[in-house]
Amino acid sequence: MPRNPYRAAKLLAVSLVSATLSLNFAAEPDLILHNGKIATVDPQFSIHEAIAIGESRVLQVGKNDSILNLRGPKTEVINLRGKLVLPGLIDSHSHPADAAMTEFDHPIPEMENIADVLKYIRARAKVVPAGDWVTVRQVFITRLEEQRYPTRAELDKAAPNHPVLFATGPDASLNSLALKESGIDRDFKVTDGGSGFAEKDPQTGEPTGILRNATRYVKVKSASSNPTTDDRLKRLTALFADYNAVGLTAVCDRAASADEIALYKKLREFGPLPVRVHLSRHIETIGDLEKIQSQIRAVAQDPLFTIKDDTLRLIGIKTFLDGGMLTGSAYMREPWGVSKIYAITDPAYRGVLFIPHERLVPLVRTAVENNLQFTAHSVGDGAVHALLDAYEEVNKSTPIRETRPSISHSNFMSREAVEQAARLGVAMDIQPAWLYHDAHTLQAQFGYDRMRYFQPLRSIFETGGTVGGGSDHMQKIGSLRSINLYNPFVGMATAVTRTSPKLKSPLHPEEALTREQMIRFYTINNARILRRDADIGSLEPGKLADLIVLDTDLLTCRDTQIASTKVLRTYLGGKLIHKR
Ligand SMILES: [Zn+2]
């Protein structure tokens with residue numbers, strides 16, 4: 001009980017008028033923010049003037065007077081002067097530990113065309129000893145002016161004495177020396193039980209240098225210097241500070257390896273993580289099925305899963321079901337079509353499905369039986385349907401809903417897929433950055449009509465499904481220069497306008513989100529996907545006080561102002577962790 005009986009009486013009075021909004025009227029708030037516009041993102045999307053925070057949680061929201069009445073001698077009081085407050089933003093698909101290290105060895109310039117790529121390779125060939133590997137990763141052909149891979153001949157010319165790997169996702173373009181060192185010739189076949197192949201010249205039968213889901217066969221050796229754990233921790237800390245600066249208070253590492261998980265744990269030894277990190281443990285799916293299933297069971301025994309820590313938590317597993325739409329291997333229901341952009345010569349080619357149904361079902365079942373969230377990278381509509389079919393089958397005997405089964409990326413859907421996902425309780429993590437960066441090339445490849453259910457955000461909302469926004473941040477620090485850009489306000493603007501600087505007109509604007517949906521997309525919906533909606537994602541009494549103060553009113557500003565929104569303050573568990 002509070003020591004001051006007068007204050008206790010005031011608190012009681014307040015609690016009577018707003019009993020449903022009050023958590024613990026005995027506590028003196030540590031912090032009050034008032035005279036603002038607090039978008040709570042509760043089920044009614046209610047807006048309040050003020051919020052009281054204590055012991056890292058939301059105590060109460062309400063009118064200025066009633067909240068200011070809670071003030072005690074130690075309460076910090078901040079006048080928001082009308083600014084908008086949102087729950088801390090959540091990115092449901094990121095790779096922070098990996099992305100932070102991209103430029104550890106040397107800065108990597110932005111590459112907008114093939115000439116930029118070749119210039120970078122020539123420059124690397126000057127500093128890397130002859131015979132050592134030169135690599136370019138995740139420079140997507142969909143984002144290059146020419147919209148194609150650099151050819152084997154171009155790579156040979158740029159670095160004749162170095163093996164060169166230009167890799168994106170599971171696919172790649174190699175020069176002659178890289179093919180030779182990797183033993184990839186006209187007789188090359190994938191032999192590990194997985195899928196994948198090397199494109200061959202139809203006339204000569206020689207490899208063109210393009211690999212489809214076969215980059216694992218490239219015998220690349222890194223020529224860059226090896227970072228220490230200390231280096232890794234420093235860069236991860238810098239990245240997390242930048243996440244906070246753009247309003248992110250929680251993320252999901254959507255393919256965490258053992259090493260990466262160890263790094264997050266190490267960082268946690270130095271104090272609470274500034275971003276709540278959720279982990280989808282990456283599981284390899286090639287090889288003995290029993291072995292893979294026992295790896296899945298082991299994840300469920302990990303203390304990071306069984307002990308529900310607030311800042312570092314395993315939520316489930318992640319695997320890969322198909323290739324990529326930026327690289328030409330997403331698994332589609334209809335053929336890709338012969339393509340100059342993606343160097344596709346076979347008119348019947350539909351992309352690459354990595355896991356057949358008879359293996360996928362037991363993997364999903366093992367995850368569900370162990371209360372783990374299952375998610376798989378599934379980009380093409382063929383992969384999305386394949387995963388939904390597996391969920392449907394498992395659900396017949398073991399209810400899946402409570403484990404929050406997911407589909408990662410889920411870029412190409414169909415009306416039936418949207419409805420099936422909603423019915424089964426399957427959520428999607430979708431990255432508007434891909435609409436922003438790549439939709440113009442995808443439209444050139446597939447045509448406007450085949451893009452009807454590309455990132456069908458509005459349909460998912462209206463069908464009662466759950467979809468959350470993310471970045472798939474995989475390289476570099478810096479929210480606008482990163483690959484993929486992780487600035488959530490650009491993501492929001494893209495979800496609302498369905499446009500990008502490279503699109504001539506909006507892509508199926510009927511799938512655009514409203515402002516309210518746009519905010520749910522980066523807050524409560526992601527909290528559901530991260531299995532954290534009891535704790536985060538909205539500003540309701542009892543929840544963790546993760547919140548941001550913005551310079552722009554995202555509910556009323558013009559569409560063109562959304563992307564440039566700045567975060568004035570970021571709070572994690574009621575603690576100020578970023579101030580502009
Ligand atoms: Zn990813």
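User: How do strand 9 and strand 10 pair, parallel or antiparallel?

Analyst: This is a predicted model. In it, strand 9 and strand 10 (residues 164-168) pair in the parallel sense over four bridges.

User: Which residue in strand 10 stands opposite Val136?

Analyst: Phe166.

User: And which side chains of strand 9 are buried?

Analyst: Val134 and Val136, which point to one face.

User: Switching to charges. How many salt bridges does a search of the whole structure find?

Analyst: The count is 27. One of them joins the side chains of Arg57 and Asp535, at 3.8 Å from N to O. That pair links distant parts of the chain, 478 residues apart: Arg57 is in strand 5 (residues 57-62), and Asp535 is in the loop between helix 18 (524-529) and strand 21 (547-550).

User: Are those two buried or partly exposed?

Analyst: Arg57 counts as partly exposed because its relative accessibility is 25%. Asp535, at 16%, counts as buried.

User: Which residues are linked with them in a network?

Analyst: Asp310, Arg313 and Arg532 are linked with Arg57 and Asp535 in a network of salt bridges.

User: What about Glu510, which residue does it bridge to?

Analyst: Arg452, with the closest N and O atoms 3.4 Å apart. Glu510 lies in the loop between helix 16 and helix 17, and Arg452 in the loop between helix 14 (432-446) and helix 15 (457-463), so the pair ties together parts that are 58 residues apart in sequence.

User: Which residues form the positive surface patch?

Analyst: Lys119, Arg122, Lys126 and Lys157. Helix 4 (residues 114-127) gives the largest share, three residues. Lys157 is in helix 5 (residues 152-158) and is exposed, with a relative accessible area of 75%.

User: Backbone now. Where is there a cis peptide bond?

Analyst: Between Ile483 and Asn484, with omega at about -5 degrees. Asn484 is in the loop between strand 20 (467-469) and helix 16 (488-497).

User: What is phi for Asn371 and for His508?

Analyst: Asn371 has a positive phi near 60 degrees, and His508 has a positive phi of about 40 degrees. Neither residue is a glycine.

User: Buried or exposed, those two?

Analyst: Asn371 is partly exposed at 38% relative accessible area, whereas His508 is buried at 4%. Asn371 sits in the loop between helix 11 (357-369) and strand 17 (373-378); His508 is in the loop between helix 16 and helix 17 (515-522).

Methods:
Residues numbered from 1 in each chain as written. Predicted model: local features only at pLDDT ≥ 70, side-chain atom pairs only at ≥ 80, totals over all residues. Heavy atoms only, no water. Patch = residues over 30% accessible without salt bridge, like charges linked within 9 Å, V, L, I, M, F, W, Y side chains within 5 Å. Areas by Shrake-Rupley, 256 points an atom, 1.4 Å probe, with all protein chains shown as cover. Salt bridge = Lys/Arg side-chain N within 4 Å of Asp/Glu carboxyl O. Lys, Arg positive; Asp, Glu negative; His and termini not counted. Charge placed at Lys NZ, Arg CZ, Asp CG, Glu CD. Helix = DSSP H or I, 4+ residues; strand = E, 2+ residues; numbered from the N terminus. Buried < 20%, exposed > 50% of the residue type's maximum accessible area, 1.4 Å probe, protein only. Pairing = 2+ DSSP bridges.
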